[in-house]
Amino acid sequence: MKTNFSAGSKTLSALMVSAGILFAPATVGLAPVHAAASAVAGLPDFSDMVDKVGPAVVNIRTTERLRMRDDGPDQDEMQEFFRRFFGGQMPTPRGPQAPRGGRRAVPQEQEVQRGVGSGFIISADGYVLTNAHVVAGADEVYVTLTDKREFKAKVLGSDVSTDVALLKIDGGKLPALTMGDPGKIRVGEWVIAIGSPFNLENTVTAGIISAKSRDTGEYLPLIQSDVAVNPGNSGGPLINMRGEVIGINSQIATLSGGYNGISFAVPIDEAMRVADQLKKSGKVTRGRIGVSVGEVSREVAESLGLKGARGAEVSQVEAGGPAAKAGLKPGDIIVKFNGTEIAKSSDLPRLVGNTTPNSKATVTVWRTGSLVDLPIVVAERESDQASAPGRGGERSKPKAEGAANALGFKVSDLTAAEKKKLGVAGGVKVDATEGAAAGAGLRQGDILLQLNNSAIVDAKQFAALVAKLDPKKPSVVLVRRGDTSQFVSLRPTAR
């Protein structure tokens, strides 16, 4: 079970006792009994549903084969060691032994238990869903049903990005669960989880949906609930009141490793999309366009004339990638992908990732005060790689003199060689900062490419743009540092 952030708490009874409140049986009147009965009359009974769906939930046990070297010490040496330090004979090893004076034949491999998790059957012919982290690194995977039948499972494939794995066991007419629609869930509705927390098989816990579409991963908006989920519940189903699976229990919010009131599940529609690809090819293929993006703040949106803090701000464009070929630039705000609105930056990688590689798409960007549609060919995403570090380079000796402008910059023109190296047509180089610019963390060597909706051509034109700024309104500058560009909000000082 993955963990994120927990604190211990006293039980309710302990707290009440410490406050001087004692518990005693009611001995006078029947009113309290009737009141208690009416208070619980509306609570749901999950027993019939658990009887129906429980047999399709499985325990998953993984093992690892430990490889041992056959170069142990001489048998006589070991016997002498045990005689001296333990006052007895060395325990007789299991299995064949070499004659006295030779070497003991040590087994080359030993299978040991690696971990325990949960899963559930999605088809009567033996396909099982679980979490990728449940089976990661396992040499063997065993699936146990509620009727105690155990199968050795084959891992057809797993996807780390969504934490989904698909297994196959040999069996027919197996109990299977029905898939629900996560798009129809409502905050506050009852759900249950079934799994093997702490290897306690077929454990049922209940709670409510506490939030939808939590951004805790790159590709998945997770379902948040207050259902008790603990280590071992990983891979088990989150089930609605109709007995349908709406998610795969995957993460908990804890500092201690145990349940602390918040758990997360992978939406089942996303999981089934992944499972379909794993079933066909054993891997998941995703699209990519070659950009790094960030959130658009309210200040940036207002300064650029964009209605609402929405979209994804392009901070970096991969050289030679699909986005670069399509004409995307750092500072562009991607507001639509193939006609779908981008409400927040995390929406973009999900939309792009679900796009078939080598297909054509349209990216709509907000650039210098207007919308621009750019056709793009989506490439196939490779394995995750760390972002390339900024190249940096030698900094030129400052050329500008005089006082800083209203934004706190002293700048100079870029040389033709610098423009060619950076791949830009204009811009200015920061030679020194003070005031607002220094307070925002900007520094010598940064490159300024845009002020609000105007591209910066040179130092003279930049000075003229700054001179016209309203000191009562914040402005944004597009700053490039290394290979990364980002809008920074600054408020000019009155001059």
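**Notebook: charged side chains**

I began with Glu189, which is buried yet has no salt bridge. Its nearest side chain of opposite charge is Arg242, 5.0 Å away. I note that this is a predicted model.

Next I looked up where Glu189 sits. I found Glu189 in the loop between strand S8 (178-179) and strand S9 (190-195). A polar atom of the Glu189 side chain lies 2.7 Å from the backbone nitrogen of Arg186. Not counting residues up to four places away in sequence, I listed what Glu189 touches: Lys184, Gly207, Ile208, Ile209 and Asn240.

Then I checked Arg242. I saw that the side chain of Arg242 meets that of Glu244 in a salt bridge, at 3.3 Å, N to O. Arg242 counts as exposed because its relative accessibility is 58%.

I turned to Glu313 in strand S17 (residues 312-317). Glu313 counts as buried because its relative accessibility is 4%. I found its side chain reaching the backbone nitrogen of Phe487 at 2.6 Å. Glu313 and Phe487 are 174 residues apart in sequence, but 8.1 Å apart in space, C-alpha to C-alpha.

I counted 18 by the rule used here. One joins Glu302 and Arg298, with the closest N and O atoms 3.2 Å apart. These two are four residues apart in helix H7 (residues 298-304), so about one helical turn separates them. Another joins Lys344 and Asp347, at 3.5 Å between the closest N and O atoms. Lys344 is partly exposed at 29% relative accessible area, while Asp347 is buried at 15%.

Terms used
Residues are numbered from 1 along each chain as its sequence is written. This is a predicted model: local features need pLDDT of at least 70, side-chain atom pairs count only at pLDDT 80 or more; totals for chains, interfaces and linings use all residues. Side-chain values use heavy atoms; hydrogens and water are left out. Buried means under 20% relative accessible area, exposed over 50%, partly exposed in between (1.4 Å probe, protein chains only). Lys and Arg count as positive and Asp and Glu as negative; His and the chain ends are not counted. A salt bridge is a side-chain nitrogen of Lys or Arg within 4 Å of a carboxyl oxygen of Asp or Glu. A polar contact is a pair of N or O atoms within 3.5 Å; within protein, one must be able to donate a hydrogen and the other to accept it, and residues adjacent in sequence count only if both atoms are side-chain atoms. Contact means heavy atoms within 4.5 Å.
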